[in-house]
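Hi,

Here is the structure I said I would pass on. Have a look at it first, and my notes follow below.

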Amino acid sequence: MRVPGGRGGLVTAGAARGLEPGPDAGCLVRQVWVPAGAGGAGRGRGAGRGGTHGRRAGLCTRRNARPAAPAAPARRCPMAGSDRPGGDGSGVAGPGRGAALRAPRAAVLLCALVLGAFCLRALPGSRPPPARARAPAPAPPPLPEPPGPLGVRGPGRRRFPQALIVGVKKGGTRALLEALRLHPDVRALGSEPHFFDRCYDRGLAWYRSLMPRTLDGQVTLEKTPSYFVTREAPRRIHSMSPNTKLIVVVRNPVTRAISDYAQTLSKTPGLPSFGALAFGRGRGAVDTAWSAVRIGLYALHLARWLRVFPLSRFLFVSGERLVSDPAGEVGRVQDFLGLRRVVTAQHFYFNATKGFPCLRKARGGGRARCLGQSKGRPHPRVPAAVVQRLRDFYRPFNRRFYRMTGQDFGWD
Ligand SMILES: Nc1ncnc2c1ncn2[C@@H]1O[C@H](COP(=O)(O)OS(=O)(=O)O)[C@@H](OP(=O)(O)O)[C@H]1O
C-alpha cells in the first residue's frame with residue numbers, strides 16, 4: 001500500500017533495515033516497580049537526583065537489534081502458569097523462576113529414565129529398548145485447564161483474556177496496565193506474552209495456561225503493544241473470542257517515533273540520527289519502512305482491525321492524557337471494561353523527579369511506585385525541521401484516524 005509522502009508501505013519491518021526490532025519483535029520483560037525515591041542509577045528524567053528507577057528482568061528476544069547483528073536469536077515464548085509456585089500473576093515466571101522449576105523436574109525425569117532402563121535390563125529375558133525409544137521426547141503438550149474454581153493450586157481458573165491492550169508501542173501501555181492492576185477485579189499478566197504475534201503456534205490452551213487465575217466477575221487482561229501492527233493479530237484474536245475488548249493507547253506519532261528511537265538508541269549506541277533514519281532512503285522521502293515511522297500510521301493499522309472487529313469493541317486511550325490526567329483516562333477504561341471506578345485520582349500523584357504520574361499504593365498496600373527507567377526516558381534532541389516534516393507527513397493519517405475513531409487527539 002502506498003502512502004502519501006512516503007515510499008513503499010506497511011509491508012516490511014524496520015528490521016529489514018537491520019536497525020531495530022520489527023513489529024513482531026519485542027521483549028518478555030518483567031517490569032519491577034520500585035518505591036519512589038528508592039534511589040539508584042535511574043537514567044530517566046530526574047536520574048542522578050535520587051530519582052525513581054526500575055529494574056527489568058528480561059526474557060528479551062529482539063531481532064536485528066543492531067546494524068550488523070549476528071543471526072537472530074530464536075524467539076522465546078513465556079512459560080506457562082503465572083501463578084505457579086513462586087508466581088503471583090503479576091508477571092509470567094521469569095527465566096530464573098522457570099529454570100528453577102524445570103531443573104528438579106528434569107532431574108526426576110532423568111532418574112526415572114535411568115532407573116527404568118536399569119530395571120528393564122535386569123528383568124530376565126528383557127531386551128534393550130529399540131533405538132526409536134531412545135529418541136528425544138517430543139515437546140510436552142500444552143497444559144490442560146486446571147481444576148477450578150477451587151483447584152488445588154488456588155482459587156479461580158485460568159481464562160482467556162476478555163480484554164487486551166493491543167497497542168501502541170511507546171504509547172503508555174505499561175502505565176495503563178499497572179494502573180489497572182490496582183483494581184481488585186482486574187488480573188493482568190505482568191509481562192508481554194506475544195501470543196498473537198510470535199507464539200501463536202503454541203496454541204490457545206498454552207496461551208490460557210499463562211493467564212492468572214480469576215474468579216467469576218474478574219477481568220483477565222494482557223498487553224502486547226505489537227499486536228496492533230501485526231497483520232494476523234485481528235483474525236487470531238477474533239477466533240479466540242469475537243467479544244474481546246480491545247484497548248489502544250495512542251500518542252502523537254511524532255513523539256512516539258522519537259520515543260521508539262530513544263529506546264533503540266539506548267541499546268544501540270552509534271545509531272544514525274533520527275532524521276537520517278526517518279528520511280534516509282533516497283531524496284529525503286519519509287521512510288515508512290522504518291518501524292518507528294510506520295507504527296504511527298494508526299489509521300492504516302486500524303483499518304485492518306476494522307475489517308474484523310466493529311469499532312464498538314475498541315477503546316482508544318490518549319497517551320498524552322494518561323500523563324496529564326491519568327485518573328480520567330483510567331476511569332474511561334474501567335467503564336469500558338464494565339468495572340466499578342475503583343482506581344481514582346487518589347491512586348496517583350505527580351512525581352516531580354520522575355516527571356510523570358506515579359502510583360500511590362499497590363493493591364493490598366505497599367509503597368508508592370513509579371514506572372522504571374525505560375519509561376519516561378529523556379528523548380534525544382531532534383531538529384525542529386525534522387519534527388515539522390514528520391508532523392506534516394502524519395497530519396492526513398491523523399485526521400483520518402480521528403474520523404475513524406470519532407475522537408480528536410489534538411496532535412495537529
Ligand atoms: N506514569 C508514567 N510513567 C512513565 N511513563 C509513562 C507514564 N505514563 C505514560 N508514560 C509514557 O509511556 C511511554 C512508554 O510507553 P509503553 O509503556 O507503551 O512502552 S512499551 O511499548 O511497553 O515499551 C513512555 O515513553 P517515553 O517518555 O518516551 O519513555 C512515557 O512517556
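**What I found**

In S11, Glu-222 is the bridge partner of Leu-164. One thing to keep in mind while reading: this is a predicted model.

Staying with that part of the fold, strand S8 (residues 163–167) pairs with strand S11 (residues 219–223) in the parallel sense, over 3 bridges. S8 also runs parallel to strand S12 (residues 245–250), and 4 bridges join the two. Leu-164 turns up here again, with Leu-246 as its bridge partner in S12. Is S8 buried or exposed? 5 of its 5 residues are buried, so S8 is largely enclosed by the rest of the structure.

Last, a helix pair. Helix H8 (residues 298–306) packs against helix H11 (residues 384–405) at an angle of about 35 degrees, and their axes are 8 Å apart. On the H8 side the contact uses Tyr-298, Ala-299 and Leu-302, which meet Phe-397, Arg-400, Phe-401 and Met-404 in H11. That contact is made up of 6 nonpolar residues and 1 charged, with no polar ones.

Cheers

Technical notes: Residues are numbered from 1 along each chain as its sequence is written. This is a predicted model: local features need pLDDT of at least 70, side-chain atom pairs count only at pLDDT 80 or more; totals for chains, interfaces and linings use all residues. A residue is buried if 20 or more other C-beta atoms lie within 10 Å of its own, exposed if 12 or fewer, and partly exposed in between; C-beta atoms are placed from the backbone. Two strands pair if DSSP finds at least two bridges between them. Axes are lines fitted to C-alpha atoms, for helices over the stretch in contact, and angles run from 0 to 180 degrees between N-to-C directions. Two residues are in contact if their C-beta atoms, placed from the backbone, lie within 7 Å. Ala, Val, Leu, Ile, Met, Phe, Trp, Tyr, Cys and Pro count as nonpolar, Asp, Glu, Lys and Arg as charged, and the others, Gly among them, as polar.
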